[in-house]
Amino acid sequence: MRIEKDENMAAMAKKMEISLSYLSAIETGTRAVPDGFVEKLSRKYKLSKKSTDELLTALDHSVSSVDISLVSALPLQRDLAVMLARKLPDLSEDDCVKMLSILKEGD
């Protein structure tokens, strides 16, 4: 995105109010994209909803692990989270499509 906007890394880091080294680490993948980063980027650069959604989708596709806090989860929610983590590698594509459809109903 920075390159599309013809902006150097220092200018983007300043605009995003983060250090140059931190932005570099995010860009190279040595640091994970922090929570809220895409939303902040969207606000600072006045991105369209479509562009923001595309960035969020790209971020989702780049994630290699997910950490879910179960501190305040109900017992049934805990069971669901743990079971999904255990069974995920064995789910078929059809199963995944069905589950995603159920989970996206509220969106």
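Author: The largest nonpolar core has 9 residues in all: Met-12, Ala-13, Met-16, Leu-23, Ile-26, Phe-37, Leu-41, Tyr-45 and Leu-47. Such a core is a set of buried Ala, Val, Leu, Ile, Met, Phe, Trp, Tyr and Cys residues joined through side-chain atoms within 4.5 Å. Buried means under 20% relative accessible area, with a 1.4 Å probe and protein chains only. H1, H2 and H3 each give two or more residues to this core. H1 gives the most, with 3 residues. Helices here are DSSP runs of H or I, at least four residues, numbered from the N terminus.

This is a predicted model: local features need pLDDT of at least 70, side-chain atom pairs count only at pLDDT 80 or more, and totals for chains, interfaces and linings use all residues. Residues are numbered from 1 along each chain as its sequence is written, and side-chain values use heavy atoms, leaving out hydrogens and water.

Now take H3, residues 37–44. Phe-37, Val-38, Leu-41 and Ser-42 are buried there. Seen down the axis of H3, they fall within an arc of 140°, so they line one face of the helix. The arc is taken from the directions from the helix axis to the C-beta atoms. These buried residues pack against H1, H2 (20–28) and H4 (49–62). Leu-41 touches Met-1, Met-12, Met-16, Leu-47 and Leu-55, not counting residues up to four places away in sequence. Contact means heavy atoms within 4.5 Å. Lys-46 follows H3, and its phi is positive, near 50°.

Definitions and conventions: Buried < 20%, exposed > 50% of the residue type's maximum accessible area, 1.4 Å probe, protein only.
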